Every structure is written in C-alpha cells, then in structure tokens.
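Let's walk through this model together, from a single bridge out to the helices around it. Keep the viewer open as you read.

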Amino acid sequence: ARGYLRSRGYDGELVRTYRIGWAPDDWDQLARRLKLKDDDLRDSGLGFVNKASRQQDSFRGRVMFPITDERGDAVGFGGRILPGHEGSKYKNTSTESSVYDKSKILYGLHTHRDGIVKAGEAIICEGYTDVIGYATGGIPRAVATCGTALTEDHVKLLKRFSADRVILSFDADAAGIAAAERVYTWEREYELDIRV
C-alpha cells in the first residue's frame with residue numbers, strides 16, 4: 001500500500017493530512033480485532049455476516065480514505081483496490097446509518113472548508129484522489145460526492161460554507177453530463193453561479 005501511494009506521488013505528510021490507511025487482503029482481520037456484535041459491525045459498514053454465519057470485513061486489499069462530516073468526524077470509508085487485487089476499483093461504505101448519509105456528505109469538505117470559504121467557491125469532482133489532486137495542485141477547495149449523484153442536500157451544505165460559485169469537474173461521460181444538467185435546476189433557487 002505504501003509503495004502504491006508513493007507511486008502516485010503521495011508522501012507521508014499527504015497521507016497523514018488525509019488520514020489515508022490500508023485494509024489488508026484478509027477475510028476477517030478487522031472483524032476479529034474489533035470484536036463487535038454482528039449488528040454493530042454491519043451497521044458501521046465495516047463488515048457483515050457471511051453465508052457461513054461468520055463475520056467478514058467489507059474492505060480488503062484496498063487503500064482506505066476515511067469519509068468525514070463537516071466537523072471532521074469519520075462517518076464512513078472509501079477504498080481503492082490495490083493493483084493485483086480483484087474487485088471494483090472503488091468501494092464506499094454501503095450501509096447508510098444515523099451518522100452516514102451519502103446524499104449529505106462530501107469528501108474533503110472538512111479539510112478544504114477554509115479554502116472554500118476564502119474563495120467563495122467549491123469544486124465538485126468524482127473521487128477522493130481528484131480532491132487530493134486539486135489540493136496538491138494548489139487548489140484546496142475541491143470536494144467529492146461519495147459514490148452517489150450530487151444532491152440538493154450537498155448544494156445546501158456548500159451554501160453554508162459561503163460557496164456561491166460551484167464548479168463541476170465531473171468526467172465527460174453520460175453520468176457526468178446528467179449530473180451537470182441536474183444541478184442547473186438549483187442555480188436560481190440557491191443563487192449559485194454554476195460552472196462546468
């Protein structure tokens with residue numbers, strides 16, 4: 001995991017700033033270490049009970065990005081598969097709970113809120129590494145949705161941080177175009193300057 005992060009240009013300081021971690025490629029290492037009740041493991045999104053009635057980790061063989069709320073409290077996780085492992089490229093906490101509602105959470109908001117307030121704008125992109133890439137490029141005001149489309153709740157959240165300009169930096173695929181079209185309906189209602 002460290003080798004992969006270094007190959008992407010992530011030094012120790014950057015890893016500590018974004019609290020990037022690692023999930024070993026093991027079926028139940030985290031579950032055995034946490035020793036949670038089945039319901040608590042499932043409700044946290046960190047694991048589940050498999051068909052053999054054994055606790056199993058949700059994230060394996062991944063670089064882990066903690067997803068925090070606007071106060072900086074970890075409420076979920078996103079994991080990027082490491083090279084040589086099988087599975088989807090990105091995986092997010094799938095269970096919505098009282099603390100994690102992906103339609104109301106933006107990755108990077110806590111870390112970049114000062115940059116958003118200072119510039120009066122937020123850049124919304126698709127992934128964790130995109131958010132970090134903007135920051136390392138000297139633009140510390142990017143946030144990302146967590147495996148869901150941009151919602152009205154996301155827009156309201158950004159307005160609380162004085163983001164009057166919203167720049168959409170989505171992929172130029174069908175999903176990215178659809179997301180951009182949806183946001184224009186909120187432009188007038190929330191007095192936003194929306195750019196793509």
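**A sheet and its surroundings**

Val63 has Arg80, in S5, as its bridge partner. This is a predicted model, in which local features need pLDDT of at least 70 and side-chain atom pairs count only at pLDDT 80 or more, while totals for chains, interfaces and linings use all residues. Residues are numbered from 1 along each chain as its sequence is written, and side-chain values use heavy atoms, with hydrogens and water left out.

Strands S4 (residues 62–68) and S5 (residues 74–81) pair in the antiparallel sense over seven bridges. Here strands are DSSP E runs of at least two residues and helices are H or I runs of at least four, numbered from the N terminus; two strands pair if DSSP finds at least two bridges between them. In the order S1-S4-S5-S6, four strands make up an open sheet with antiparallel pairing. Strand S1 (21–23) and strand S6 (90–92) are at the edges with a single partner strand each, so one side of each has no neighbour in the sheet.

Now turn to the helices. His112 lies in helix H5 (residues 109–119). His112 is buried, with a relative accessible area of 2%; buried means under 20%, exposed over 50% and partly exposed in between, with a 1.4 Å probe and protein chains only. Beyond its neighbours within four places in sequence, His112 is in contact (heavy atoms within 4.5 Å) with residues including Tyr18, Val131 and Pro140.

Arg182 sits in helix H8 (residues 174–187) and counts as partly exposed at 35% relative accessibility.
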